[in-house]
Amino acid sequence: FPGLTDVSISEDIPVEGEITVPVGSHSPDEDFSTLDEPVRDTIMRDLKAVGKKFVHVMYPKKSSALLRDWDLWGPLVLCVSLALMLQGGSADSRDDGGPQFAEVFVIIWFGAVVITLNSKLLGGTISFFQSLCVLGYCVLPLTVAMLVCRLVLLVGSGTISFIIRLVVVIAMFGWSTLASTAFLADSQPPNRKALVVYPIFLFYFVISWMILTFTPQ
Amino acid sequence: QGGGSAVIDMENMDDTSGSSFEDMGEMHQRMKEEEEEEVEGDAAAAEEEDGEFLGMKGLQGQLGRQVADQMWQVGKRQASRAFSLYANIDILRPYFDVEPIQVRARLLESMIPVKMINFPQKIAGELYGPLMLVFTLVAILLHGMKTSDTIIREGTLMGTAIGTCFGYWLGVSSFIYFLAYLCNAQITMVQMLSLLGYGLFGHCITLFVTYNIHFHSLFYIFWLGVGGLSTLRMVAVLVSRTVGHTQRLILCGTLAALHMLFLLYLHFAYHKVVEGILDTLEGPNMPPFQRVARDIPVVSNAVLNATAKAIALTL
């Protein structure tokens with residue numbers, strides 16, 4: 001490299017400049033501007049995002065909105081409402097329903113974490129929270145099933161109501177599983193989809209079992 | 001030039017708080033924000049005067065800050081390195097590298113005892129199949145309590161089911177691995193976990209069938225047949241990897257006993273758990289379904305009749 005043999009700087013060119021790193025004022029302005037908007041706008045924006053995701057779950061198409069901007073508000077609301085509705089299902093008057101709420105909560109979140117880890121270990125390309133988001137949102141059909149079951153149980157609790165509840169729960173269970181596999185299975189290598197779908201099937205099966213065997217006090 | 005600079009401003013270090021370490025977090029927080037031009041400029045001007053006024057005290061405060069700052073950096077680096085080392089799930093990735101066809105083949109193989117016990121049999125060190133089988137066993141146990149009118153305390157049963165299955169898988173694997181170490185058997189921990197996990201396939205089938213068809217004689221047939229087959233397979237594999245008669249006997253006897261007894265326990269104890277709770281609540285008005293499970297069964301007309309009645313009742 002002949003051009004590099006002489007790298008000295010001649011004396012009359014002053015070497016000067018700024019040591020400080022100039023930082024452009026790009027993001028802070030836009031981020032901080034959301035502090036000035038009314039609280040109603042902030043809440044409505046989040047609610048609309050959650051609502052849009054609910055719609056995506058009920059009509060599972062191949063869209064990436066659920067994956068791209070994940071949030072855990074919807075799963076939290078669904079999990080809490082499901083756990084609240086499952087309370088009071090014991091015929092034991094000593095049981096104040098406390099452990100049942102915690103059990104449902106722990107099972108849903110622990111199950112979702114295990115499925116996420118499993119899909120990541122199998123070579124999935126989806127991130128941890130995206131997967132939690134999808135699994136949590138797909139509990140929506142089962143929450144609807146729980147609501148229907150409670151209403152049916154208000155009317156009566158014979159064999160016919162059991163059959164109705166069975167049909168509804170099975171249908172919603174199938175819907176949940178299909179919805180979540182529509183989102184999650186795409187992130188897997190194509191020949192391993194069955195390995196990822198099976199734990200999801202088990203997870204929603206356990207939740208459906210909890211819903212089906214619910215008997216009010 | 002004050003705003004938007006990444007240079008540490010020495011003038012901003014003040015000596016007002018007691019613990020310099022706690023202030024490090026705050027200081028880093030402030031350093032990350034790039035605005036606060038005029039505010040910092042004014043504060044800098046004010047504190048420069050204060051710093052000069054404080055003299056030696058101010059200088060010591062600044063040294064303390066620097067040391068604390070370095071400790072913070074080092075600690076943070078070490079913590080993030082430890083986290084990325086131990087919480088890295090990629091450690092487990094090789095054990096989940098399976099295809100569905102392989103899983104199916106291994107499930108079927110787990111019921112077929114090998115004939116050749118003279119040279120070591122290959123065990124696949126895979127954890128996906130065993131983990132899914134344990135979860136399936138949990139789901140089947142829960143499904144076994146599915147009678148909708150008589151479910152009580154489902155929350156407690158669920159915790160018990162998960163604890164039992166995982167406890168068995170992990171605990172008995174560790175115990176047999178320890179025995180294998182004592183008996184000089186050639187098996188690693190992951191292989192043992194995998195072997196025992198696939199051995200639960202027989203349990204899953206047996207319980208799935210007998211929780212839906214409540215004949216006790218059927219359970220015994222399945223216990224001996226299906227349970228026996230999967231136990232034989234595990235025993236044969238272990239025998240092929242152990243040398244010496246006494247060692248083989250100890251190892252395989254223990255494994256066979258634990259495996260078969262676990263299936264027996266799952267069938268009977270869970271009936272008893274449900275019954276015990278029901279007893280305290282319902283008293284003598286128990287439907288015949290529960291009474292059947294309580295008897296140590298000798299196949300008799302009474303048992304068959306009661307079971308048939310119970311089936312008719314639940315339909």
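Which residues does A:Ser208 touch, not counting residues up to four places away in sequence? They are A:Leu142, A:Val169 and A:Phe173, where a contact means heavy atoms within 4.5 Å. This is a predicted model, in which local features need pLDDT of at least 70 and side-chain atom pairs count only at pLDDT 80 or more, whereas totals for chains, interfaces and linings use all residues; side-chain values use heavy atoms, without hydrogens and water. Residues are numbered from 1 along each chain as its sequence is written, while chains are lettered from A and ligands numbered from 1 in the order in which they are written.

A:Ser208 lies in helix α9 of chain A, which comprises residues 193-212. Helices (H or I, at least four residues) and strands (E, at least two) are DSSP runs, numbered from the N terminus. A:Ser208 counts as buried because its relative accessibility is 6%; buried means under 20% relative accessible area, exposed over 50%, and partly exposed in between (1.4 Å probe, protein chains only).

The unreviewed UniProt entry annotates residues 70-89, 101-122, 134-156, 162-184 and 196-215 of chain A as "transmembrane region"; UniProt positions follow the numbering used here, feature names are shortened, and annotations may be inferred rather than shown by experiment. In the model, residues 101-122 of chain A are 95% helix and 0% strand, with the end C-alpha atoms 32 Å apart. Residues 162-184 of chain A are 100% helix and 0% strand, and their end C-alpha atoms are 32 Å apart.

Chain B contains 11 helices and 0 strands. Of its 315 residues, 42% are buried.
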